[in-house]
Amino acid sequence: MIFPLGCLALVFPRVVLALVWFFGNDYLGRAYGSWLWPLLGFIFLPLTTLTFAYATHSMSQGGSVSSLGWLLTVIALLVDIGITGRSHAKYRRREVDD
């Protein structure tokens with residue numbers, strides 16, 4: 001079940017984050033401890049938010065996230081920043097052309 005949801009998260013991370021938030025039995029709350037960080041993650045870094053929650057639940061050893069979990073979180077952060085930067089660059093180009 002987690003593989004199709006993970007593939008969908010790469011294309012529609014906000015949709016998957018909302019589904020996990022609504023149907024995840026406090027999955028995000030246990031990973032972050034409050035609702036503020038997942039809300040900010042939904043707005044700014046949705047894939048990173050999902051990846052950190054996954055790393056906390058599935059890749060943790062003794063309450064701390066493993067090295068592989070942190071690596072995946074950093075990769076998700078880079079993907080989130082890349083997506084944001086690319087769309088902003090398109091917006092700037094379109095603004096200059098007009």
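Colleague: Which residues does L47 touch, not counting residues up to four places away in sequence?

Modeller: A contact means heavy atoms within 4.5 Å. With that cut-off, L47 touches A9, L10, P13, A76, V79 and D80. Before we go on, a word on the source: this is a predicted model, where local features need pLDDT of at least 70, side-chain atom pairs count only at pLDDT 80 or more, and totals for chains, interfaces and linings use all residues. Residues are numbered from 1 along each chain as its sequence is written, and side-chain values use heavy atoms, with hydrogens and water left out.

Colleague: Which residues make up the largest nonpolar core?

Modeller: Such a core is a set of buried Ala, Val, Leu, Ile, Met, Phe, Trp, Tyr and Cys residues joined through side-chain atoms within 4.5 Å. Buried means under 20% relative accessible area, exposed over 50%, and partly exposed in between (1.4 Å probe, protein chains only). Here the largest core has 10 residues: A9, V16, L17, V20, L28, A31, L47, L50, A53 and A76. Helices α2, α3 and α5 each give two or more residues to this core; helices are DSSP runs of H or I, at least four residues, numbered from the N terminus.

Colleague: Which residues of helix α2 are buried?

Modeller: An α-helix has 3.6 residues a turn, so residues three or four places apart point the same way. In α2, residues 13–23, the buried ones are P13, V16, L17 and V20. They fall within an arc of 100° seen down the axis, so they line one face of the helix; the arc is taken from the directions from the helix axis to the C-beta atoms. F22 and F23, on the other side of α2, are exposed.

Colleague: How many aromatic pairs does a search of the whole structure find?

Modeller: A pair of aromatic rings is described by the distance of the centres and the angle of the planes. Rings of Phe, Tyr and Trp (its six-membered ring) pair if their centres lie within 6.5 Å; planes under 30 degrees apart are stacked, over 60 edge-to-face, and the rest tilted. The search finds 2 pairs. Y32 and F52 have ring centres 5.2 Å apart and planes at 45°, so this pair is tilted. F52 and W70 are also tilted, at 5.6 Å centre to centre and 45° between the planes.

Colleague: Is F52 buried or exposed?

Modeller: F52 is buried, with a relative accessible area of 17%, whereas W70 is partly exposed at 43%.
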